[in-house]
Amino acid sequence: MARPYRDRVIHLLALRAYKKPELLARLQRDGVMQKDKGSLAKILQQVAKWNAKDNSFSLKEHLFQTLQTDWPGYTEVDRQKLKLILSGKYVAIVSLEQRQRYKDDFNAEYEEYGNLHSLIDKTTKKFRQFQESWGSPNYSEMKSRCLYLHNKLAHIQSRISEFDQQ
């Protein structure tokens, strides 16, 4: 079932700020119709705040209360991220006490994060060794090539989107 274009924009901006070409690319990946593309500027004026420093758009505060946490376009990770955002637990720090609470929360979970990160690194290294032992192309070469192609294609896509906006 197709979701209204405006709702897609709102729910994407709720998760993070987007530059216009990034947002267009994401919407296209989600299957937005060509006819809807032209209305993005109008929708952004209605639902987004523009940050002149990095030329990005973020969701206007009053629209957070209209969000659906079970929106069909969200992955499970997106839903978890949105719940954290909506909980308002980590708003801008305005006092030393609040800073200390944040620091305590950070320290309480940093060790677990470090352990998980270390385990993932070890697993990744073992996987690379396994690939190399079976004669696969070198992982770092493939990863470098993939990153190069990703950046190149993203750049080309942003240029196409910029041209289409003219």
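Q: What does "partly exposed" mean?
A: A residue is buried under 20% relative accessible area and exposed over 50%, and it is partly exposed in between. The model to which these terms are applied here is a predicted one.

Q: Why is Ser118 called partly exposed?
A: Ser118 has a relative accessibility of 32%. Ser118 is placed in helix 6. From Ser118 to Gln129 there are eleven residues in sequence and 17 Å in space, C-alpha to C-alpha.

Q: Why is Ser144 called partly exposed?
A: The relative accessible area of Ser144 is 48%. Exposed requires over 50% and buried requires under 20%, so Ser144 is partly exposed. Ser144 belongs to helix 7. Ser144 and Phe106 are separated by 38 residues in sequence and by 33 Å in space, C-alpha to C-alpha.

Q: How do you know whether Trp71 and Tyr74 are buried or exposed?
A: Trp71 has a relative accessible area of 2%, and Tyr74 has one of 4%. Buried means under 20%, so Trp71 and Tyr74 are buried.

Q: Why is the pair of Tyr110 and Tyr113 called tilted?
A: Stacked planes are under 30 degrees apart, edge-to-face planes are over 60, and the rest are tilted. Tyr110 and Tyr113 lie 5.9 Å apart centre to centre with 45° between the planes, so the pair is tilted. These two residues are three residues apart in helix 6 (residues 96-133), which means that about one helical turn separates Tyr110 and Tyr113. Tyr110 is partly exposed, at 45% relative accessibility, and Tyr113 is partly exposed, at 48%. Together with Phe106, Tyr110 and Tyr113 form one aromatic cluster.

Q: What makes Arg16 lie over the face of Tyr18?
A: The rule asks for CZ of Arg within 6 Å of the ring centre and within 35 degrees of the ring normal. Arg16 is at 3.9 Å from the ring centre of Tyr18 and lies over its face.

Q: Which residues have the most contacts inside the largest nonpolar core?
A: They are Val9, Leu13, Leu23, Val47 and Leu59, in a core of 25 residues. At least two residues each come from helix 1 (5-13), helix 2, helix 4 (40-47) and strand 3 (56-59). Helix 1 gives the most, with five residues. In soluble globular proteins, nonpolar side chains tend to be buried together. The buried residues of helix 2 include Leu23, Leu24 and Leu27.

Q: What lines the largest pocket?
A: The lining has 14 residues, and nearest the centre lie Pro21, Glu22, Ala25, Ala154 and Gln157. Two or more residues each come from strand 1 (18-19), helix 2 (20-29) and helix 7 (139-165), and helix 7 gives the most, with six. The volume of this pocket is about 270 Å³. By class, its lining has five nonpolar, four polar and five charged residues.

Q: What lines the second largest pocket?
A: The lining consists of Ala14, Glu61, Phe64, Ile85 and Leu86. By class, four are nonpolar, none is polar and one is charged. The volume is about 150 Å³.

How values were computed: Residues are numbered from 1 along each chain as its sequence is written. This is a predicted model: local features need pLDDT of at least 70, side-chain atom pairs count only at pLDDT 80 or more; totals for chains, interfaces and linings use all residues. Side-chain values use heavy atoms; hydrogens and water are left out. On a 1 Å grid over the protein atoms alone, a cavity is a set of points where a 1.4 Å probe fits but cannot get out, and a pocket is an open set with protein on both sides within 12 Å along at least five of seven lines; lining residues have an atom within 4 Å of a point. Grid points are joined across faces, edges and corners, and a volume is the space filled by probe spheres set on the points. Helices (H or I, at least four residues) and strands (E, at least two) are DSSP runs, numbered from the N terminus. Ala, Val, Leu, Ile, Met, Phe, Trp, Tyr, Cys and Pro count as nonpolar, Asp, Glu, Lys and Arg as charged, and the others, Gly among them, as polar. Buried means under 20% relative accessible area, exposed over 50%, partly exposed in between (1.4 Å probe, protein chains only). Rings of Phe, Tyr and Trp (its six-membered ring) pair if their centres lie within 6.5 Å; planes under 30 degrees apart count as stacked, over 60 as edge-to-face and the rest as tilted. A nonpolar core is a set of buried Ala, Val, Leu, Ile, Met, Phe, Trp, Tyr and Cys residues joined through side-chain atoms within 4.5 Å.
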